[in-house]
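I open this entry to keep track of what I looked up, contact by contact, in the structure shown below.

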Amino acid sequence: MSPGGLNMDVRTQLGEVELDVALDVAPGECLALAGPSGAGKTSVLRAVAGLLAPVRGRITCGQEVWLDTARGVTLPAERRRCGYLFQEYALFGHLSAWRNVAYALHESPRAAREPRARALLESFALGDRADARPATLSGGERQRVALARALARRPAALLLDEPLSALDARTRAAASRELGAVIRDAAVPVLLVTHDFAEAALLADRIAVMDQGSVVQQGTASALAAEPASAFVADFSGAVVLTGEARRGEEGVIMVALDGGGELTALDGAPGAVAVSVYPWEIALARPGESMHDSARNHLDVEVVSVTAVGPRVRVGLAAPQPLTAELSATSVRELGLAPGGRAVASFKAAATRVLPR
Amino acid sequence: MRTAAGGWFAVLLTVALAAALTFLTLPIVAIFAQQPPGELISALGEEGALDALWLSLRTTAAALVLILLVGTPAAYGIALRRFRGRALLITLVELPLVLPPAVAGIALLAAVGPATLLGRAAQDAGLQLTLATAGVVVALTFVAAPFYLRQAIASFEAIDPTLLDASRTLGAAPARTFWRVAIPTALPGLVAGTALALGRALGEFGATLMFAGSFQGVTQTVPLAIYDRFATDFTAALALSAVLVAVSAAILLSVKLVRGPDAVAR
């Protein structure tokens with residue numbers, strides 16, 4: 001249990017599903033709750049915020065006990081100091097942007113509220129939209145107003161429910177970058193709910209994969225992809241995410257210099273800082289030095305880190321040196337003699353390489 | 001998709017519209033057309049007419065204050081909670097809506113009339129209900145409150161619950177959430193409900209007559225005064241009717257304005 005962190009262990013019935021979750025998030029750490037819809041991710045956030053009362057459990061944040069059913073302690077939602085970003089942002093339609101933010105500041109002296117609310121909006125590049133009503137704001141602007149409002153009370157924990165899902169693809173890249181900065185700057189525990197593994201890998205330090213009300217596996221994105229504990233996690237932790245810097249190459253292709261070494265070719269994307277995702281089943285492995293005459297444009301020299309069988313499929317964790325995962329058949333693994341510590345060449349087609357702005 | 005209504009059907013629509021419009025507006029226009037405006041205004045100068053107007057305004061205002069103060073939190077409570085018998089409770093609250101006014105009057109007499117326990121208790125406490133102005137307020141509240149409650153419950157139910165959740169996570173206790181988020185968000189519906197209750201209270205006739213009687217300056221509201229005069233002084237009855245038409249039109253228009261300029265243009 002981390003001091004100053006968010007610690008929870010709750011159990012409650014949600015309709016057909018039993019929610020049974022124990023989590024520990026350190027200050028400054030971002031834990032993503034990832035999983036399909038109906039897994040109970042949002043219910044975890046609601047339990048932490050006090051919007052849902054678990055039958056049994058204990059939630060502490062720093063020195064404060066927010067819930068302890070054994071001792072009959074339940075702090076009401078308004079006293080838990082959670083910065084909660086709702087999925088559709090839940091801005092108050094009858095209030096302007098700055099009044100939405102100032103709503104969270106009612107404990108501050110009256111005269112201090114407006115300047116602080118406007119300054120917060122300014123820090124999200126929304127200074128000129130401070131007097132606008134939510135209905136007249138774009139999706140991205142609404143998300144930033146909601147974020148500013150959630151941060152206004154200097155929360156003890158930050159809860160983000162699908163922060164990017166209500167945005168269109170173009171807005172999402174910029175919003176994701178900005179959210180990453182907010183999460184890095186927040187010196188408090190951050191819980192992020194998402195159904196998108198790539199988003200979780202990009203924004204969070206650790207991922208807890210949820211299914212049917214419980215956490216089925218926790219770890220870093222690369223650990224989950226490389227060593228999934230179940231077929232469910234293997235399916236869910238589909239895309240592997242690498243980071244790098246993209247530039248335009250010849251014939252319109254995009255060249256990505258990976259952080260830590262290696263270069264990839266992709267067919268579309270824009271120059272700048274990027275995240276590259278590849279599905280493990282798109283990656284083929286060969287022994288080093290064996291020349292490959294295939295259509296794959298991308299070849300990376302890698303070290304084998306782990307070999308994990310999940311049914312007939314085998315996940316091979318690789319260091320490229322960034323973590324990369326390939327999915328092979330057990331037969332291929334045997335024929336290639338893959339074992340931790342060995343070396344291999346990972347190859348995949350440029351067309352299987354997705355480039356996302358970061 | 002909207003297609004242009006063609007031929008005989010277009011004619012049918014136009015004729016039906018013209019018939020409906022004529023039937024609904026002709027009686028109202030007639031109130032103003034029967035006598036020259038000067039006659040109407042001088043008829044209002046008659047002492048009893050002004051008394052009735054003043055009494056109607058006072059009692060309606062008092063009833064509305066009661067309805068808003070008690071009805072708003074009550075409606076919010078019903079809208080937020082889910083419990084067994086909730087549908088039955090809402091039906092009971094709405095019942096006076098469909099009650100014939102005469103039945104409402106009898107019901108009030110049976111409940112708080114001078115011969116009843118409650119009526120005697122009120123009298124002992126110095127509150128005269130029957131044949132008194134306070135009785136008019138009771139009658140108006142009884143028949144008008146369901147109009148407001150019904151609308152207010154629906155408006156509170158229509159609020160996105162995450163707005164209320166968001167308010168709580170931003171540090172607002174339930175009471176502050178009610179005042180600062182629920183009421184402003186439901187406001188257009190609450191105003192519409194108020195207008196319906198106002199219109200019903202202003203026009204109340206049967207229950208008032210049976211429960212409070214018709215005494216000039218004490219319980220004789222405008223509708224009772226119109227009834228009182230129409231056989232003897234038709235011009236005075238017309239003048240009072242004209243005032244009620246004007247007030248009702250003003251209520252209708254102001255509701256549409258609150259709901260947005262679009263509602264007026266439409």
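**Core, helix pair, strand residue, interface**

I began with Leu159(A), which touches Leu45(A), Val48(A), Ala49(A), Cys82(A), Gly83(A), Tyr84(A), Leu85(A) and Leu191(A), leaving aside residues up to four places away in sequence; contact here requires C-beta atoms, placed from the backbone, within 7 Å. I note that this is a predicted model, in which local features need pLDDT of at least 70 and side-chain atom pairs count only at pLDDT 80 or more, while totals for chains, interfaces and linings use all residues. Residues are numbered from 1 along each chain as its sequence is written, with chains lettered from A and ligands numbered from 1 in the order in which they are written.

I then looked up the largest nonpolar core, which holds 169 residues, and found that Val48(A), Val101(A) and Leu159(A) touch the most other members. Helix H7 (residues 133-157) of chain B gives the most to this core, with 15 residues. Such a core is a set of buried Ala, Val, Leu, Ile, Met, Phe, Trp, Tyr and Cys residues joined through C-beta atoms within 7 Å, and buried means that 20 or more other C-beta atoms lie within 10 Å of a residue's own.

Next I took helix H4 (residues 139-152) and helix H5 (residues 169-185) of chain A, whose axes come within 10 Å and cross at roughly 15 degrees (axes are lines fitted to C-alpha atoms over the stretch in contact, with angles from 0 to 180 degrees between N-to-C directions; helices are DSSP runs of H or I, at least four residues, and strands are runs of E, at least two, numbered from the N terminus). H4(A) and H5(A) are therefore roughly parallel, a term for angles under 35 degrees. Gly139(A), Gly140(A), Gln143(A) and Leu147(A) in H4(A) meet Thr171(A), Ala174(A), Ala175(A) and Val182(A) in H5(A).

I also checked Val355(A), which lies in strand E21 (residues 354-357) of chain A and is buried, with 21 other C-beta atoms within 10 Å. Among the residues that Val355(A) touches are Ala246(A), Ile254(A) and Val256(A); the C-alpha atoms of Val355(A) and Val256(A) are separated by 8.7 Å, although these residues are 99 apart along the chain.

Last, I turned to the contact between the chains, which takes 18 residues from chain A and 13 residues from chain B. On the side of chain B that touches chain A, helix H8 (161-169) and helix H9 (174-203) of chain B each supply at least two residues, and the largest share, six residues, comes from H8(B).

Key:
Contact = placed C-beta atoms within 7 Å. Buried ≥ 20, exposed ≤ 12 C-beta atoms within 10 Å, placed from the backbone. Parallel < 35°, antiparallel > 145°, perpendicular 65-115°, else oblique.
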